[in-house]
Amino acid sequence: MTSDSLRDRLRALPAFGGDLPVIDPHTAPADPLALLIDWLESAIAFPVAQPHAMALATADQAGVPSNRTLLLKDVTAGGLWFATMSSSPKGLELAENPRAAAVLYWREQSRQVRVSGSVELGPREVSDLDFLQRHPKARATAIAANQSSPIFSEAQYEAAVGSALARVHDTPGLVPESWNAYVLKPDSIEFWQATRHREQQRLRYDKTDGEWMRTLLWP
Ligand SMILES: Cc1cc2nc3c(=O)[nH]c(=O)nc-3n(C[C@H](O)[C@H](O)[C@H](O)COP(=O)(O)O)c2cc1C
């Protein structure tokens, strides 16, 4: 292996550093969603680039996992909200196995949040509002076809998106039934913080009998 092998260059990259925040487990709120909102506010203010970019892992009934990035749309007492097409591969997986695991990684703050729990469809009005706030072109692609289905011809793709865009302009309130807001209702949330001294702090909340229990984890 040469000194400038990809392996060596990856090994040499800095992972964590800078002036990092710390977790104070003694003052952490009893509700992890309150702590997540605090962390999100801090990430937005920092500013962390795209703190709402969230990896969401799902699995089919056989347990075969898949993962992709989605935008976190809201955090409420109910959980973490995202939106997608229920006819997409992830939507079909969630229909047969309504559980998911999410990760938010904020490089600038060396922070990670891991969430796992059950997933439910949100109310129609939340889905509609989310869809209507999307760019018209993004609405047109969702109206034209199912997400992740193969494109067999670029000309056919352009024509389908073009006619869907015309429908969006003619009927601005048009929302496909397959666009859905979902809520990830956590039963476990872990807050992870790297420190300047290469230690890591981990605070996990687990829901047991409706109550949140807090545990510090060995790094
Ligand atoms: C930063 C970022 C944000 C994204 N946000 C969304 C989103 O909010 N909803 C969505 O359906 N896809 C979003 N995507 C696209 C997904 O990663 C994915 O390609 C798409 O949803 C198809 O996933 P599936 O085939 O697993 O169903 C986003 C991608 C990136 C990189």
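User: Which residues lie on the covered face of strand β1, and which on the uncovered one?
Analyst: In β1 (residues 53-59), Met54, Leu56 and Thr58 form the covered face, while Ala53, Ala55, Ala57 and Ala59 form the uncovered one. Strands (E, at least two residues) and helices (H or I, at least four) are DSSP runs, numbered from the N terminus. In a regular strand, side chains alternate between the two faces of the sheet. This is a predicted model, in which local features need pLDDT of at least 70, side-chain atom pairs count only at pLDDT 80 or more, and totals for chains, interfaces and linings use all residues. Residues are numbered from 1 along each chain as its sequence is written.

User: How many bridges join β1 to β2?
Analyst: Seven bridges join these two strands, which run antiparallel; strands pair if DSSP finds at least two bridges between them. Methionine 54 has leucine 70 of β2 as its bridge partner. The two strands form a hairpin with five residues between them, and glycine 63 in the turn has a positive phi of about 90 degrees.

User: And how many bridges join β1 to β5?
Analyst: Three bridges join β1 to β5, again in an antiparallel arrangement. Alanine 57 is paired with alanine 101 of β5.

User: Switching to the ligand: which residues are the closest?
Analyst: The closest are Arg68, Thr84, Ser88, Lys90 and Ser148, among 14 residues that surround the ligand (C-beta, placed from the backbone, within 6 Å). The elements giving two or more residues to this shell are β2 (65-71), β4 (79-85) and α3 (89-96). Of these, β2 gives the most, with five residues.

User: What about α2, which of its residues are buried?
Analyst: Pro32, Leu36, Trp39 and Ala43 of α2 are buried. A residue is buried if 20 or more other C-beta atoms, placed from the backbone, lie within 10 Å of its own, exposed if 12 or fewer, and partly exposed in between.

User: Why are they on the same side of α2?
Analyst: They cover an arc of only 65 degrees around the axis (taken from the directions from the helix axis to the C-beta atoms), so they fall on the same side of α2. The face turned away from the buried side carries the exposed residues Glu41, Ile44 and Ala45.

User: What do the buried residues of α2 pack against?
Analyst: They pack against several strands, including β3 (74-76), β5 (99-106) and β6 (111-121). A contact here requires C-beta atoms, placed from the backbone, within 7 Å.

User: Which peptide bond is cis?
Analyst: A cis peptide bond joins phenylalanine 46 and proline 47, with omega of about 0 degrees. Proline 47 belongs to the loop between α2 and β1. Glutamine 50 is also placed in the loop between α2 and β1, and its phi is near 50 degrees, a positive value in a residue other than glycine. Most residues other than glycine have a negative phi, and most peptide bonds are trans.

User: Is glutamine 50 exposed or partly exposed?
Analyst: Glutamine 50 counts as partly exposed, because it has 14 C-beta neighbours inside 10 Å.

User: And where is aspartate 209?
Analyst: Aspartate 209 sits in the loop between β8 and β9. Its phi is near 50 degrees, likewise positive in a residue other than glycine. Aspartate 209 counts as exposed, because it has 5 C-beta neighbours inside 10 Å.

User: Finally, how many helices and strands does the chain have?
Analyst: The chain has six helices and nine strands. Its C-alpha trace spans about 55 × 55 × 40 Å along the principal axes, and buried residues make up 24% of the 219 residues.

Methods:
Contact = placed C-beta atoms within 7 Å.
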